Amino acid sequence: MTELNKTIIQNLDVAAHFDPAMEIERRIQFLADYLRASGARAYVLGISGGVDSLTAGLLAQAAVQRLRDQGHEAQFFAMRLPYAAQADEQDAQQAIDSIAPDHVITMNIQTAADAVLQQLQSQAGDFVDPSRVDFHHGNIKARQRMIAQYALAGSVGGLVIGTDHAAEALMGFFTKFGDGAADVLPLAGLNKRRIRGIASRLGAPQELVFKVPTADLESHRPLRPDEEAYGVSYDQIDDFLEGKDIDREAFERITEAYQRSMHKRALPVGPEN
């Protein structure tokens, strides 16, 4: 393992050892403690049908139930945020059934996302590369989903849960101020392999636990696998984060992605005194 590898693992807070039962308890208690200490009354999370939001939802529902058992007011709102008709809607509904959230709210983001894109093209079309329109539209969708989640959270006195984890953080595979925006990150420090371990331990349906991960943001390439966008597999990413040896090409692609996306993981900056 190189020094760069060690530094990245440390920066992303990936533990050397993994005990799924211990991590489940630690993360449920974290969510319960944070909600109580904040004075908020609810958690809000968008459910996509993938293993990340499924796992975060299972942890959140357990946390609010724990708080209620202790006499505290707490609710969990699962949000469905499709763009028109979602290709894997059946998976999203199966995830909802598995989580059994207190409330399910559905808001279709198509009208809002399309309106922003239309205005962008109308007012700044000369600056928009036609080959990148679908990519930009995908980022608009991600940010519109977070707008919706914060709108609901503000209405119910809640906090927004994000699904960012070490594997996506490593690759910079999230939309800045879109799915990268949140109040709490219960999956922080976990790679995809460990998230699947937690989900399995929590009794999640195996077809969702091992579903091919996809961001599903680009309309022209629906359900495009994350690994296709990465150019490396999640097994290689997970091995990197666990300090295991991977081939040189994958190592270089991963470290390049990490360095290129540094700005995504940083807070907004200002001039130094």
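## Helix α2 and its cover

The cover over the buried residues of α2 includes β1 (42-46), α3 (51-69), β4 (158-160) and α8. Contact here means heavy atoms within 4.5 Å. Helices (H or I, at least four residues) and strands (E, at least two) are DSSP runs, numbered from the N terminus. This is a predicted model: local features need pLDDT of at least 70, side-chain atom pairs count only at pLDDT 80 or more, and totals for chains, interfaces and linings use all residues. Residues are numbered from 1 along each chain as its sequence is written, and side-chain values use heavy atoms, with hydrogens and water left out.

The buried residues of α2 are Glu23, Ile24, Arg27, Ile28, Leu31, Ala32 and Leu35. Buried means under 20% relative accessible area, exposed over 50%, partly exposed in between (1.4 Å probe, protein chains only). Down the axis of α2, the buried residues fall within an arc of 160°, so they line one face of the helix. The arc is that of the directions from the helix axis to the C-beta atoms.

## Ends of α2

Asp19 caps the N-terminal end of α2, with a side-chain oxygen 3.1 Å from the backbone nitrogen of Ala21. Just after α2, Gly39 has a positive phi of about 85°.

## Positions listed by UniProt

An unreviewed UniProt entry lists Arg143, Lys176, Asp183, His263 and Lys264 under "binding site". Of this set, Lys176 and Lys264 are in the lining of the second largest pocket. Such annotations may be inferred rather than shown by experiment. On a 1 Å grid over the protein atoms alone, a pocket is an open set of points with protein on both sides within 12 Å along at least five of seven lines; lining residues have an atom within 4 Å of a point.

Arg143 sits in helix α6 (residues 133-156). Arg143 is partly exposed because its relative accessibility is 34%. Beyond four places in sequence, Arg143 touches Thr175, Lys176, Phe177 and Gly178.

Asp183 lies in the loop between α7 (166-171) and α8 (192-201). At 33% relative accessibility, Asp183 is also partly exposed. Its side chain makes a polar contact of 3.2 Å with that of Tyr150. A polar contact is a pair of N or O atoms within 3.5 Å; within protein, one must be able to donate a hydrogen and the other to accept it, and residues adjacent in sequence count only if both atoms are side-chain atoms.

## Ser261

Ser261 follows α12 (248-260). Ser261 is buried, at 5% relative accessible area.

Note on methods. On a 1 Å grid over the protein atoms alone, a cavity is a set of points where a 1.4 Å probe fits but cannot get out, and a pocket is an open set with protein on both sides within 12 Å along at least five of seven lines; lining residues have an atom within 4 Å of a point.
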